[in-house]
Amino acid sequence: MSIAPRPASAASPAARWLTPDQQRVWRTYLLGVARLDEYLDADLRKHGLDLGEYEILVCLEEVEGRQLRMSELADRVHQSRSRLTHTIARMERAGLVERLTCPTDRRGVWAHLTEAGYELLSAAAPGHVAAVRHAFLEAVGEEDFAAIGRAFTAVLQATEENRQDPA
């Protein structure tokens, strides 16, 4: 379904509609991100992980002590605290992570990567990196990859500026 321009009402200013080329690129981007996520997620399923769980393991492995406060982990993996709590509970039942009480703040909870979680990450990482290379890095080439980096640096800056006040 195409988004057809509608007349502006007195209550709202005229919308700046996308040109056909802009709309085509925008929709290609949305479909590409969805397909890339599906591809990477399916690849990780061989290890019993999904992309979100893999990202949690990576974030925990990258920090000293292999543990983070749940609130900081939620920010790093771009999940709501509620969703992260459910995901961590599932991963805890599988023995991949454990929750620990913060020694300095009894209300604080840490997510800690277990040895089993580290071993699973170590087993899954080579295939995941190969999948990222195949479906993303090699698919777009060096020049386009650099352009994507520049473009999404700008997107992150624009969206960060408007996080509290999206206009």
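The legends below describe close-up views of a predicted model.

Local features are given for pLDDT of at least 70 and side-chain atom pairs for pLDDT 80 or more, while totals for chains, interfaces and linings use all residues. Residues are numbered from 1 along each chain as its sequence is written, and side-chain values use heavy atoms, leaving out hydrogens and water.

**View 1. A nonpolar patch on the surface.** Leu18, Trp26, Tyr29, Leu30, Val33, Phe152 and Val155 make up the patch and together have about 590 Å² of accessible area (Shrake-Rupley method, 1.4 Å probe, with only the protein chains shown counting as cover for residues). Patch residues have over 30% relative accessible area and no salt bridge, and nonpolar side chains are joined within 5 Å; a salt bridge is a side-chain nitrogen of Lys or Arg within 4 Å of a carboxyl oxygen of Asp or Glu. Two or more residues come from each of helix H1 (20–45) and helix H5 (115–161), and H1 contributes the most, with four.

**View 2. Trp26 in helix H1.** Trp26 is partly exposed because its relative accessibility is 44%, between the limits for buried (under 20%) and exposed (over 50%). Helices are DSSP runs of H or I of at least four residues, and strands are E runs of at least two.

**View 3. Thr114 in the loop between strand E3 (109–113) and H5.** Thr114 is buried, with a relative accessible area of 16%. Its side chain lies 2.6 Å from the backbone oxygen of Gly95 and 3.0 Å from the backbone nitrogen of Gly117. Beyond neighbours within four places in sequence, Thr114 is in contact (heavy atoms within 4.5 Å) with Gly95, Leu96, Val97 and Glu98.

Key
Patch = residues over 30% accessible without salt bridge, like charges linked within 9 Å, V, L, I, M, F, W, Y side chains within 5 Å. Buried < 20%, exposed > 50% of the residue type's maximum accessible area, 1.4 Å probe, protein only. Polar contact = N/O pair within 3.5 Å; in protein donor to acceptor, adjacent residues only side chain to side chain.
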